[in-house]
Amino acid sequence: MITKENVTAAVEEWLSTNDYFLVDTEITPDGRIVIEIDHADGVWIDDCADLSRTLQEKLGDELGDYELEVGSAGIGQPFKVVQQYRNHIGKTIEVMTSDAKKIQGELKSVSDDGQQFTVTTREKQKLEGQKRPTMVEVDKTFAIAEVKYAKYLLAFK
């Protein structure tokens, strides 16, 4: 019987010779093995096909009746691994906080230990000596483990 560990090990071996990183490996109850990979510059279909062929060669008979799917982490889908946060520094993201507030802003940084990230947002604030509120930039830091999700926000200009 095939296990997630066997599949992940085979994927990691392929990744060691490529610039991709593993986002997720899932074996579904309905007999599908779903591999999500990502890359700083996007994922190419040829590389997905190459990984699929490699897995079929390495796992061979273990695949049995499983359906193998290799693809990219979907654009606009929540981040699953720290490397996705790092790849989106300088881009606009949406964060759903643990208290269900949506915040949009520019992803400024990710901590070295991968536990936190900082987003710069724009908020109205009443500054001292001014009659009306003014839009100001505010940095907000979040613990990755404590947000419901963070995802890249597509902008059409």
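This is a predicted model: local features need pLDDT of at least 70, side-chain atom pairs count only at pLDDT 80 or more; totals for chains, interfaces and linings use all residues.
Visitor: What kind of pair do the rings of W14 and Y20 make?
Guide: W14 is buried, at 5% relative accessibility, and Y20 is buried too, at 9%. Their ring centres are 5.7 Å apart and the planes sit at 35 degrees, so the pair is tilted.

Visitor: What pattern does the chain follow along the sequence?
Guide: Helices (H or I, at least four residues) and strands (E, at least two) are DSSP runs, numbered from the N terminus. The chain has 3 helices and 8 strands. Reading along the sequence, you get α-β-β-α-β-α-β-β-β-β-β.

Visitor: What radius of gyration does the chain have?
Guide: The radius is taken over C-alpha atoms, and the globule rule is 2.2 Å times the number of residues to the power 0.38. The C-alpha trace spans about 75 × 30 × 30 Å along its principal axes. A compact globule of 157 residues would have a radius near 15 Å, but this chain has 20 Å.

Visitor: How much of the chain's accessible surface belongs to carbon and sulfur atoms?
Guide: Accessible areas come from the Shrake-Rupley method with a 1.4 Å probe; for residues, only the protein chains shown count as cover. Buried residues make up 36% of the 157 in the chain. The accessible surface comes to about 10000 Å², and the share of carbon and sulfur atoms is 45%.

Visitor: What do the buried residues of helix 1 pack against?
Guide: Helix 1 covers residues 4-15, and its buried residues are V7, A10, V11, W14 and L15. Seen down the helix axis they fall within an arc of 145 degrees (taken from the directions from the axis to the C-beta atoms), so they line one face. A contact means heavy atoms within 4.5 Å. The partners of that buried set are strand 1 (21-27), strand 2 (32-38) and helix 2 (45-59).

Visitor: How far apart are the end C-alpha atoms of helix 2?
Guide: The expected span of a helix is 1.5 Å times one less than its number of residues. For the 15 residues of helix 2 that should give 21 Å, and the end C-alpha atoms agree, at 21 Å.

Visitor: Which exposed residues does helix 2 carry on the face turned away from its buried side?
Guide: The buried residues of helix 2 are C48, L51, S52, T54, L55 and L59. They lie within an arc of 165 degrees seen down the axis, so they line one face of the helix. That buried set packs against helix 1, strand 2 and strand 3 (67-72). On the face turned away from it are D46 and E57.

Visitor: How far apart in space are A49 and V70?
Guide: A49 lies in helix 2 and is partly exposed, with a relative accessible area of 31%. A49 and V70 are 21 residues apart in sequence, yet C-alpha to C-alpha the distance is 7.5 Å.

Visitor: What is the positive phi of A100?
Guide: A100 lies in the loop between strand 4 (92-96) and strand 5 (102-110). Most residues other than glycine have a negative phi. A100 is not a glycine, yet its phi is positive, at about 65 degrees.

Visitor: Which residues does A143 touch?
Guide: A143 lies in strand 7 (residues 134-143) and is partly exposed, at 22% relative accessible area. Leaving out residues up to four places away in sequence, A143 touches Q115 and Q116.

Notes:
Residues are numbered from 1 along each chain as its sequence is written. Side-chain values use heavy atoms; hydrogens and water are left out. Rings of Phe, Tyr and Trp (its six-membered ring) pair if their centres lie within 6.5 Å; planes under 30 degrees apart count as stacked, over 60 as edge-to-face and the rest as tilted. Buried means under 20% relative accessible area, exposed over 50%, partly exposed in between (1.4 Å probe, protein chains only).
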